[in-house]
Amino acid sequence: MDNVVDEKKVNQVVDSRKGVPAEESERSREADRGGRGFELPLLLFAGFRTLIDQLHAELARQGHPDLRPAHGFAMQAIGARGASASEVGRRLGVSKQAAGKTIDRLITLGYAERADDPSDARRKLIRLTPHGIDALRRSAAVFDELHAEWAVQLGAGRLRTMEDDLRTVVPPEAFRLDAAGWLGGS
């Protein structure tokens, strides 16, 4: 794993089987393709990051250049019916204030709006605008295209097997929107 930032390797994980930095055990990697424990989360994250980066590059080409990954999570948290800022924060695993900053940005960009809650006059709802709904629809279509590209690269059967295997080890409750809060330690 050679992760490089400013020409410095940033992956300082130690290979527990050898007791030496992973970068020094490259020779053993050729002989042992069985994988290392620390590589699995890095590879899964890199796959996720690759898909998200490709999604956002395509969304930018399709008229959504200002969308960021956090915006997609927030728009999912807002949902089709809308949500309060507190609900968005809970769904994302961040404070109401942090959610409010993201919501403010979505409103500035035209992806969301504040509206009166018809069931509670004291409460404001955050709702997606047609522009926000368009971004989510385009995201779904782009994800389908990226999935098809992976099926070509890996083979449809291998991709299906990988997805089935991940469904086996990933519990259903793991499908949550709070990645930003989780990564940030909230």
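**Exercise 1. Count the salt bridges in the structure, then describe the network around Arg-123.**

Solution.
Step 1. The structure holds nine salt bridges, a salt bridge being a side-chain nitrogen of Lys or Arg within 4 Å of a carboxyl oxygen of Asp or Glu. The model is predicted: local features need pLDDT of at least 70, side-chain atom pairs count only at pLDDT 80 or more, and totals for chains, interfaces and linings use all residues. Residues are numbered from 1 along each chain as its sequence is written, and side-chain values use heavy atoms, with hydrogens and water left out.

Step 2. Arg-123 pairs with Glu-87 at 3.5 Å, N to O. Because Arg-123 lies in strand β6 (residues 120-128) and Glu-87 in helix α4 (residues 85-92), this pair ties together parts that are 36 residues apart in sequence. Helices (H or I, at least four residues) and strands (E, at least two) are DSSP runs, numbered from the N terminus.

Step 3. Arg-123 also forms a salt bridge with Asp-117, with the closest N and O atoms 2.6 Å apart.

Step 4. Assign burial by relative accessible area: buried is under 20%, exposed over 50%, partly exposed in between (1.4 Å probe, protein chains only). Arg-123 is partly exposed at 28%, Glu-87 is buried at 19% and Asp-117 is buried at 6%.

**Exercise 2. Characterise the salt bridge between Asp-164 and Arg-167.**

Solution.
Step 1. The closest N and O atoms of Asp-164 and Arg-167 are 3.1 Å apart.

Step 2. Both residues lie in helix α7, three residues apart, about one turn of the helix.

Step 3. Asp-164 is partly exposed at 39% relative accessibility, whereas Arg-167 is exposed at 55%.

Step 4. For the network of Exercise 1, salt bridges that share partners join Glu-87, Asp-117 and Arg-123.

**Exercise 3. Describe the nonpolar patch on the surface.**

Solution.
Step 1. The patch consists of Leu-40, Leu-44, Met-162, Leu-166, Val-169, Val-170 and Phe-175, with about 660 Å² of accessible area together. Patch residues have over 30% relative accessible area and no salt bridge; like charges are joined within 9 Å, nonpolar side chains (Val, Leu, Ile, Met, Phe, Trp, Tyr) within 5 Å. Accessible areas come from the Shrake-Rupley method with a 1.4 Å probe, and for residues only the protein chains shown count as cover.

Step 2. Helices α2 and α7 each give two or more residues to the patch, and α7 gives the most, with three.

Step 3. Met-162 lies in helix α7 and is partly exposed, at 34% relative accessible area.
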